[in-house]
Amino acid sequence: MICTRKNTTCNSTIWEKDKKEAVLGEFERENPEKAGQRRLVMEVSSLPISASLRAKLISGGYTCLSSLFSVSSSHIAQDLKISENEAQEILRVASQRRASERSNGTTSMVNGAQSAWEMLNEEQSLGRIITSCSELDDILGGGISCKEVTEIGGVPGIGKTQLGIQLAVNVQIPMDYGGLQGKAVYIDTEGSFMVERALQIAEACLEDMRGYHGFLKRDLQGCQINMQPKDFLENIFYFRVCSYTEQIAVVNYLEKFISEHKDVVLLNQVTTKYTEGQYQLTLALGDSWSHACTNRVILYWNGNERYAYIDKSPSVRSATAPYSVTGRGIRSSVSNCKRVKMM
Amino acid sequence: MNQTRITHLMKPENLLQQLTPIPTQKCTLGCPILDGLLNGGIPCNSITELVAESGCGKTQISLQLLLTAQLPVSLGGLSSTSLYLYSESPFPLRRLHQLSSSFPTLKNPLDNILTHPLHSAHHLFDVLSQLDSFLLSSPIKLIVIDSIAALFRFEFENNPRDLKQRSGLFFKISSKLKEQARRFGLAVVVINQVVDVMDDSDGLRIGNSACLYTSERKVSAALGLSWANCVNMRLFLSRNEEVAGDDCFATRTRRFIRVVFAPHLPDSYCEFVITGEKICGLER
């Protein structure tokens, strides 16, 4: 089972550090919360669907629940020769099963109240979106956390848009590969989102996934990656706004759009601020805006290297990490690279 | 009936765009090597800035674009007319005319280039506002503003209050341009000048290079950090004198175009030459 250890760098660890370590159950044995994940690798036979559909699924090779999550409903429909509606129903039911496996069955005395323990559990089960740079993920506590607002600021050309696109792609990584299998809402206020760049980053992400595929445990090898770069575009809901009034309208509209693993990553601009005779770099929208964000990450140049600095975070301490912007997207800084060559 | 105002229905649903896996439309520069550097040419729906000191070829490139925009889409053009807003009089008509002979397939190319002089930054904003109605009915797909720095030079002093006002105007202008670029699918090219950077000062690094050099001087783009945030892509043109051959008295000018920042391009550069009025990239 792929390690999806919640609060560490496991996801990017798999892809960039020693692969051998990632393959076997060492992580599983050490982490009781894995137990919930394990049960995902269960037979499809217990899903509440019609017997004939179930039979078709099993004879089609879809024996584990997670095998359903990396393919589209139209693929299943074609594969099993069933209707699109039936395929969608199967996926829906499987998702529900997965979701109920994950929840902790909380009880609360008052509607909406939670005990601190429940909150801690929930926080630990919060998804994190990896950035594809392990050092950056490390200082972020695993990645950009969901259900929190993270502000990313920096000068033009430092990589804010690149990081935004990388996250919009990485949030879609299937669960089999340690991802959240989610979708992204991309609110573009600058017009810097270029489809060709998103496709490039998506292609590199798929290549990384395919490279990792060889390390999957046997029972998951039936789950081929049928995704293509353009599939990633379907799961990015792109809003192009040109004024703050449009932005407000979109943000209000988002409530209709919000689903389980929604999080907001805001791209902010940097400008110089004149205080006491000295020019200081400060984030453009100022302090009152900053209070609205849970986390703040500042991207900056240090010589010829790009660095990220956690300026504000309730859960991780301030730290810096180098990263680079490559043709494949955000990656580790070249000088720090200890990548194992993939065969 | 006044058809010049479109009721811009600001429904948030209308702002949601379907992403199709087709690259953004681009306008060719008229040279495959330069187009290669830019992955097709100058992109539509965004603002591209050309930064250079005088004599580097920035006006030349913009004139070239005014012509290539008229080429059919199959040849990388935008099949459209262009608008040239210029702050430095007089309008370079003779150079344009000479350059148009390099594009024999275009019939009456000068007819498809609209020009308008600019007096100040506020004037630019007014012109852009008036453009809205015009753009609705006219096939303009390229706007070139030559140059932006000059417009701000006269109105604003170098004190904090003026600079803050100036920044406000940057955002107003770029916001207007981007909105029009989005609405009408325009390619917008803005020419900017350079300012010298003192050797001992800690220059603010913007983009792929710690600092930019031209004519052996350390320079940076004019208008500062605020304006840099207003453009989507910045290209830097430079020239350097180099010793030619064994004769140490003979020098030749080498010209380069470099990507300072762009959301879709890596850090890259290309040498180019100006031959017979036309700008061409050189193979490595």
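Reply: Happy to! Let's begin with the place where the two chains meet. Chain B and chain A bury about 3,300 Å² between them, and 61% of that area is on carbon and sulfur atoms. Keep in mind that this is a predicted model.

Me: Let me try one residue. Is His264(B) buried or exposed?

Reply: To decide, look at the relative accessibility; the cut-off for buried is under 20%. His264(B) has 7%, so it counts as buried. You will find His264(B) in the loop between β13 (251-261) and β14 (269-275) of chain B.

Me: What does His264(B) touch, leaving out residues up to four places away in sequence?

Reply: Its contacts come from both chains. From chain A there are Met194(A), Glu196(A) and Arg197(A). From chain B there are Lys26(B), Leu38(B), Asn39(B), Pro43(B) and Met233(B). Take Met233(B): it is 31 residues from His264(B) along the chain, and their C-alpha atoms are separated by 9.1 Å.

Me: How do I read a sheet?

Reply: Follow the order of the strands, then ask which way each pair runs. Here, three strands form an open sheet with mixed pairing, in the order β4(A)-β5(A)-β1(B). Strand β5 (residues 236-240) of chain A pairs with β1(B) in the antiparallel sense over two bridges. As an example, Phe239(A) has Leu16(B) as its bridge partner in β1(B).

Me: Which strands stand at the edges?

Reply: Those are β4 (184-188) of chain A and β1 (16-17) of chain B. Each has a single partner strand, so one side of each is left without a neighbour in the sheet. Helix α10 (residues 160-170) of chain A packs on this sheet and touches β4 and β5 of chain A. The direction of helix α10 makes about 155° with that of β4(A).

Me: And what does a hairpin look like?

Reply: Look for two strands joined by a turn. In chain A, β9(A) and β10(A) form a hairpin with two residues between them, and Gly303(A) in the turn has a positive phi of about 65°. Strand β9 (residues 295-302) and strand β10 (residues 305-312) pair in the antiparallel sense over seven bridges, and Asn302(A) stands opposite Glu305(A). On from there, four bridges join β10(A) to strand β11 (residues 320-326) of chain A, again running antiparallel. In that pairing, Tyr307(A) stands opposite Pro322(A).

Me: Last topic: how many residues does the largest nonpolar core have?

Reply: It has 90 residues, and those with the most contacts inside it are Phe193(A), Leu85(B), Leu124(B), Phe152(B) and Ile173(B). The largest share, nine residues, comes from helix α11 (residues 195-213) of chain A. Apart from this core lies another, of 42 residues, including Leu65(B) and Phe91(B).

Me: What surrounds Leu124(B), leaving aside its neighbours within four places in sequence?

Reply: Leu124(B) is in contact with Leu85(B), Leu118(B), Ile145(B), Ile148(B), Leu151(B) and Ile173(B).

Terms used. Residues are numbered from 1 along each chain as its sequence is written. Chains are lettered from A and ligands numbered from 1 in the order in which they are written. This is a predicted model: local features need pLDDT of at least 70, side-chain atom pairs count only at pLDDT 80 or more; totals for chains, interfaces and linings use all residues. Side-chain values use heavy atoms; hydrogens and water are left out. A nonpolar core is a set of buried Ala, Val, Leu, Ile, Met, Phe, Trp, Tyr and Cys residues joined through side-chain atoms within 4.5 Å. Buried means under 20% relative accessible area, exposed over 50%, partly exposed in between (1.4 Å probe, protein chains only). Contact means heavy atoms within 4.5 Å. Two strands pair if DSSP finds at least two bridges between them. Axes are lines fitted to C-alpha atoms, for helices over the stretch in contact, and angles run from 0 to 180 degrees between N-to-C directions. Buried area is the accessible area (1.4 Å probe) that two parts lose on being put together, summed over both.
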